[in-house]
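Here is a protein model to look through together.

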Amino acid sequence: MALSIENILKKAPPVIFIYGEEEFLISSAFNQMVEEFVKKFNSSNDLDIYDSDNIDLYSVIDSCFSFPFLGEKRIVGIKNFEKYFSASRSKKIDEKHPLVKYLISPNFSTIFIISAYIEGYGGLAKELSNAKTKDKALKKIQSAKFPYNIIFEKAALLEFPKFYEKQISSWIKSQLNGKEISPEAIELIMHQTNPNLRDINNELQKLLLFTEGKNEINEDDVATIVGISKEFNVFQLQKAIGKKDLSESLKILKNMLRSERQEILIITMLARYFTILWQLQEEISQGADKSKLASKLGINIYFFDEYLQSSKNYSEQSINNIFNYLYQADKELKTSSVVSLIIMERLIIQILSEDGN
């Protein structure tokens, strides 16, 4: 059965499977559930948490079958269950294994929580909860790798499918405890932080501490916390390139590389930028709705007109050429002894030499 985290905490099913492709969200949900269940059932003395790097599943199941000593329920958890199978080929589970028997007939005085990072089952929990797609989901479960097929069938499911870049902006807003955040601040976070939720969350936690007592987070706050210049960063570089301002682009580039090595970040973000411009050209020619298109491409609606104007400065052939320049610069940075500033300056000049015709 597929449930929300709130429903799982309320119903306290005997077996819970937290899975998906967002490691940070899986880990956070696991920790939250353990904390909430321990509080709810007074189970601090009836708690056993295992990590799959080094566990004996027989001992885990024995723990599940044990009755609580002082609390109302025993809480047993396995983190990173997927690692159990990759750690050793000798670790095998078949239909006769105590885990399988336990899943079929669990101890209702125990809450057994399993978490795993697994690919290939995106949307399964949602499909199970929808009458129209339930049969499709059941077929997925039947074809799932053992013992996940049994776990999917018997456990309450909480899925965290892969987050796409266009979803990150909304997720950032949801993590700020009601604080407002400016579009520029969101863009700066996304441009200057690794595109994974754990790293972004680390920056957000620092931002919340730094802006305690304030109702809004702005670009200056982000620049201070991330440790960059408000004027000389990849976000501003991207804007200058979009406007085809060579002087400003080179000025920002030099200042960025003067303080720290950011060449690979710049190439990565420019590749993303020109991918968006290329997609924007394709979609806008078909008369796509502005707000829907912004959402589809992961563009903050606040900056949509800016992206649109920039897309007019580069033709489709120009963007193809630019992708080649980016590839060559990346290769040269990794293999050549040429000074990185020279490589990057040449890259900027090549990009801005392209036209919009």
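Q: At what angle do helix H14 and helix H19 pack, and how far apart are their axes?
A: In this predicted model, where local features need pLDDT of at least 70, side-chain atom pairs count only at pLDDT 80 or more, and totals for chains, interfaces and linings use all residues, residues are numbered from 1 along each chain as its sequence is written and side-chain values use heavy atoms, with hydrogens and water left out. Helix H14 (residues 246–259) and helix H19 (residues 340–352) pack at about 155°, with their axes 10 Å apart. Axes here are lines fitted to C-alpha atoms, for helices over the stretch in contact, and angles run from 0 to 180 degrees between N-to-C directions. Helices are DSSP runs of H or I with at least four residues, strands are runs of E with at least two, and both are numbered from the N terminus.

Q: Why are H14 and H19 called roughly antiparallel?
A: Angles under 35 degrees count as roughly parallel, over 145 as roughly antiparallel, 65 to 115 as roughly perpendicular and the rest as oblique. The angle between H14 and H19 is about 155°, and the two helices are therefore roughly antiparallel.

Q: Which residues of H14 and H19 meet?
A: With contact meaning heavy atoms within 4.5 Å, Leu246, Ser249, Leu250, Leu253, Lys254 and Leu257 in H14 meet Leu341, Met344, Glu345, Ile348, Ile349 and Leu352 in H19. These contact residues divide into nine nonpolar, one polar and two charged. Here Ala, Val, Leu, Ile, Met, Phe, Trp, Tyr, Cys and Pro count as nonpolar, Asp, Glu, Lys and Arg as charged, and the others, Gly among them, as polar.

Q: What makes H10 oblique to H15?
A: The axes of helix H10 (residues 183–192) and H15 cross at roughly 120° and come within 10 Å. That angle makes H10 oblique to H15. Met190, His191 and Gln192 of H10 make the contact with Leu265, Met269 and Arg272 of H15, a set of three nonpolar, two polar and one charged.

Q: Why is the pair of Phe65 and Tyr102 called edge-to-face?
A: Rings of Phe, Tyr and Trp (its six-membered ring) pair if their centres lie within 6.5 Å, and planes under 30 degrees apart count as stacked, over 60 as edge-to-face and the rest as tilted. By this rule there are 17 aromatic pairs. The centres of Phe65 and Tyr102 are 5.0 Å apart and their planes stand at 85°, so this pair is edge-to-face. Phe65 lies in helix H3 (residues 57–65) and Tyr102 in helix H5 (residues 98–104), so the pair ties together parts that are 37 residues apart in sequence.

Q: What makes the pair of Tyr273 and Tyr307 tilted?
A: The planes of Tyr273 and Tyr307 are at 55°, with 5.6 Å centre to centre, and the pair is tilted. Tyr273 is in helix H15 (residues 263–284) and Tyr307 in helix H17 (residues 304–311), so the pair links parts 34 residues apart in sequence. Tyr273 counts as buried at 3% relative accessibility, and Tyr307 is buried at 4%.

Q: Why does Ser115 count as buried?
A: Its relative accessibility is 5%, so Ser115 counts as buried. Ser115 is found in strand S4 (residues 110–117).

Note on methods: Buried < 20%, exposed > 50% of the residue type's maximum accessible area, 1.4 Å probe, protein only.
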